[in-house]
Each structure stands twice: as structure tokens, then as C-alpha cells.
Amino acid sequence: MDYKKTKAPKTTITRDLNKLTEKVGNVYETVAIIGKRANQISSALKKELDTKLQDFAMPQDTLDDTFENREQIEISRSYEVMPKPTLIATQELIDDQLIIRGTNKDEQLK
């Protein structure tokens, strides 16, 4: 999924807790689901950023020989401006983009 084109807000907004818990039915499970999805998004974004920054890695980097690369700074800034993984996961839950599986195999929420 392209997280740069998400509809998630860039800042934290107040949500109605009752609307968030309608799909799951439990506040704690809802928070756990959003947390797990946020961890998945965070690790995917980190992996993507690391692969983009590998192009700029110098094998003999030392503390004395560091220099600024404008392209590297622009890539880092674009990731800093993106919404936080928790906000993306919450927006995915609201937009019904998450498939939530219960602990019981017969129980599946959408």
C-alpha cells in the first residue's frame, strides 16, 4: 500500500470512541488492533526508507567525513511529513480497509 497517498490526517484529531469500537465491540481490542497495524505500517515504512537510503551509504563513513546530501535530506523530510503510523492505522479501521480476525477461527469481523 502506498502510505504517501493515504487520507489520514497529519495531526492528531479527536475521534468518537463509540464509532471506533462499533466494528469490534471492545475498546481494548480496538486499541490492540490499531496498535498491531501501526507496528506493521511502521516496520514497512522503515524498511522502505532504509532501502532508499542505501543508495547514499558510503562504505568508509567516519564521523569526520560526513557531509550533507540534498537528495538524502529530501527523502528524509518526505517521510517526516507523512502521517504517523497510528493515524494511518486508525484511518484504515474507519474506512473498513482492515480485516479483523478474532481468536476463534469461526469469528471474523469486517
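Start by selecting Ser 43, which sits in helix α2. The model on your screen is a predicted one. Is Ser 43 buried, exposed or partly exposed? Its relative accessible area is 42%, so Ser 43 counts as partly exposed, since that class lies between 20% and 50%.

Show the side chain of Ser 43 and the backbone of Gln 40. The Ser 43 side chain reaches the backbone oxygen of Gln 40 at 3.0 Å. Along the chain, Ser 43 and Pro 85 are 42 residues apart, and their C-alpha atoms are separated by 9.4 Å.

Next, select the whole of helix α2, residues 27-53, together with helix α3, residues 70-81. The axes of α2 and α3 are 11 Å apart, and the two helices pack at an angle of about 170°. The pair is therefore roughly antiparallel, because the angle is over 145 degrees.

Which residues meet where α2 packs against α3? On the α2 side, select Leu 45, Glu 48, Leu 49, Lys 52 and Leu 53; on the α3 side, select Gln 72, Ile 75, Ser 76 and Tyr 79. Sorted by class, this contact has 5 nonpolar, 2 polar and 2 charged residues.

Finally, go to Pro 83, in the loop between α3 and α4 (85-94). Pro 83 has a relative accessible area of 7%, so Pro 83 is buried. What surrounds Pro 83? Leaving aside neighbours within four places in sequence, Pro 83 is in contact with Thr 6, Ala 8, Pro 9, Lys 10 and Ile 88.

Conventions:
Residues are numbered from 1 along each chain as its sequence is written. This is a predicted model: local features need pLDDT of at least 70, side-chain atom pairs count only at pLDDT 80 or more; totals for chains, interfaces and linings use all residues. Side-chain values use heavy atoms; hydrogens and water are left out. Axes are lines fitted to C-alpha atoms, for helices over the stretch in contact, and angles run from 0 to 180 degrees between N-to-C directions. Helices (H or I, at least four residues) and strands (E, at least two) are DSSP runs, numbered from the N terminus. Angles under 35 degrees count as roughly parallel, over 145 as roughly antiparallel, 65 to 115 as roughly perpendicular and the rest as oblique. Contact means heavy atoms within 4.5 Å. Ala, Val, Leu, Ile, Met, Phe, Trp, Tyr, Cys and Pro count as nonpolar, Asp, Glu, Lys and Arg as charged, and the others, Gly among them, as polar. Buried means under 20% relative accessible area, exposed over 50%, partly exposed in between (1.4 Å probe, protein chains only). A polar contact is a pair of N or O atoms within 3.5 Å; within protein, one must be able to donate a hydrogen and the other to accept it, and residues adjacent in sequence count only if both atoms are side-chain atoms.
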